[in-house]
Structure formats: C-alpha cells, structure tokens
Amino acid sequence: MRMGDNTNNNTQSIADYLAQLLKDKKQLAAFPNVFVHMERLLDDEISKVRSNLFQINGYVKEPLILPEGSGPPVIHSEKVYVPVKEHPDFNFVGRILGPRGLTAKQLEQETGCKVMVRGKGSMRDKKKEEQNRGKPNWEHLNDELHVLITVEDSENRAKLKLERAVDEVKKLLTVSEGEDELKKRQLMELAIINGTYRDSSSKNSSPGLDSGPRLQLANQTLQNALASQAAVLRQGNLGGPPLILSPRLQGLQVPTTMANGLLNGGPPPLINPADTQGLLYAQYGIADYSNYASLTSPLLADYQAHADAAGGLFAR
C-alpha cells in the first residue's frame, strides 16, 4: 500500500468518527442540561478529533504551554496581510474562516486569541461593504484584506499566544501547488455538518442525508395502515371479544362488538331507572338514605343501632 493511500484511509476513518460524534451530540441535544458531564466530554472529544482531521502531511499541533501570568493584563494586536495580489482568484476568506467559521473558532480555542478577517473584500455582501466604507467603525474597509489577531493577557502570556496565532494564520495563507489538502478536508467537514457525508464503511450516508426519503416512506406506510383500518371499520368486520352483559340485558338488542356499536347501532340503549330488577346493582333514592347502613354492611348497621341507643353518633 502506498503512503498516500494509507493517509487517505486514516483521514477517512477520522471523518467517519467525527460524523458519529456529531450524530451523538445531536441526539444528546434532546436532553438539555441533563447529561452535563457527558456533553463536556463529547465536546472535548469532538475538538480533539477535529484537530486530528486537519493534521496535514503528518504535522501535529503541539498544545500551547503557557507560564504563570505576571503583571497586569495588556492588549496586543497584529495584522497579517492576505496575499491577494499574488493570488487574486484564491478564496482566502473561506480558507481562514472554514465551514461555518469552525476553522477560525478552532484557531481561537487553540491560541486564546481573537481572529477576525478585516479590510477590502472581507464582507460577503459586496454592496453592503461599499455602503459602509468610510463610515465610523468601518475604517478597516479602507485597508487591504488582512487578518486581525487580538489577545488580552499578561505580558509574558500574551506574547506567546500572539506568536502562535500569527504562525498558524500564515500557514493558512500559504498556497501550495497541486491539490489543496486543507480545502479538501474543510469540504469534508462541511459535508459532515450538512449531513451529506457518506460513511466509508457502508453505503448509507451520514445522519440527515436520506432523512427525507425515510420520512416519506414512513408517512406512506402510516397512510396505508390508516386506510386499511378505515376499510375494515366500514365493512363492520372488526373482531374482538363480545361485551359481557348483565342477565337483564341479555334479552335486549344490544351491539356486542365494537364495530357494530360504532357503525351500526351506536351506544347501547338506556335502561328505565324504575326497571332495575335483575341488574347487577339496585338503585335507591334519597328516601332510602335512612336505611343506608343496612345496604352496606351489617357491622355498620349494628354500630349505628348502639350509637342511637347511646344518644346518637356524636353524643358526649
């Protein structure tokens, strides 16, 4: 196997793993503030995998080791100009920002600096850029296209952070001959985010690619099931055990299945309150409340008899 093939396979494996992590993060978002430590660990793992994805030509970014801060915080900034004149057709802004701005955000996280694209051509809307040029707070539009790097920290720490950020930005602005490996991996990450990335281990696309067809298939299956149930109900052939009726109701024409009850006869007919013989219960009116104890329990009837003899239930 050639070295290039091995590198491509490794990159593909990292991209597959990143797609799975982002899928887990999306599923975990359904339970906000529930698995707090799991969310933190997942974010850390995603950050590490992204760093591995952009290790081009075996280059490994070493973590920035900072000393203890000494002195008051200071603000330092530096401009790194973009070689637009040497490469007028190259999309430097997209290269620096990356898909959804993730390349710039990753750089900020690694260096602790603020990274912003400023100057002519830094805005996507060219018409709005022309309108804002010359206005207050838009003075940078009069300058050439550049990357503004700002850091706030103690003097000794701010210097190290700024040097690291400038070095990384200059690497992003380097245009190499042949295939642009960085752009290739940025497009791969964009496909993962948009859900159009195809997993190398299967023919199925990553989460979100075929969600539309799957939803359409599920909807069609549901519609077919509902139509089938409606046809059965219209025919009155819905099965099921018969209703258990009291002896008094056996002689009445009462529907005994759910389908007959719903479609043909409606609910069972009401029974005359005066005709309660043979039912499972006996009705009584207000006049029967005096004999309520005998209707419930002999023990309660005996207790009431002794209480009446003693002068009532609440007699002292």
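Rings of Phe, Tyr and Trp count as a pair if their centres lie within 6.5 Å. The model shown here is predicted. By that rule, it holds two aromatic pairs.

Start with Phe31 and Phe35. Their ring centres are 6.1 Å apart, with 80° between the planes. Planes over 60 degrees apart count as edge-to-face, and that is the label for Phe31 and Phe35. How open are these residues? Phe31 has a relative accessible area of 45%, so Phe31 is partly exposed. Phe35 has a value of 36% and is also partly exposed.

Now turn to Phe90 and Phe92. Here the ring centres lie 4.7 Å apart and the planes meet at 50°, so this pair is tilted. Phe90 is partly exposed, at a relative accessible area of 25%. Phe92 is buried, at 2%. The cut-off explains the two labels: buried means under 20% relative accessible area.

Next, look at two helices. H4 covers residues 102-111, and H6 covers residues 155-172. Their axes come within 9 Å of each other and cross at roughly 155°. Are H4 and H6 roughly parallel or roughly antiparallel? Angles over 145 degrees count as roughly antiparallel, and H4 and H6 are therefore roughly antiparallel to each other. The crossing of H4 past H6 is right-handed.

Which residues make the contact? From H4 come Thr103, Leu107 and Thr111. From H6 come Lys161, Arg164, Ala165, Glu168, Val169 and Leu172. Sorted by class, this contact of H4 with H6 has four nonpolar, three charged and two polar residues.

Note on methods:
Residues numbered from 1 in each chain as written. Predicted model: local features only at pLDDT ≥ 70, side-chain atom pairs only at ≥ 80, totals over all residues. Heavy atoms only, no water. Axes fitted to C-alpha atoms, helices over the stretch in contact; angles between N-to-C directions. Helix = DSSP H or I, 4+ residues; strand = E, 2+ residues; numbered from the N terminus. Parallel < 35°, antiparallel > 145°, perpendicular 65-115°, else oblique. Left-handed = near helix turned anticlockwise from the far one by under 90°. Contact = heavy atoms within 4.5 Å. Nonpolar A, V, L, I, M, F, W, Y, C, P; charged D, E, K, R; others polar. Phe/Tyr/Trp six-rings, centres within 6.5 Å; stacked < 30°, edge-to-face > 60°. Buried < 20%, exposed > 50% of the residue type's maximum accessible area, 1.4 Å probe, protein only.
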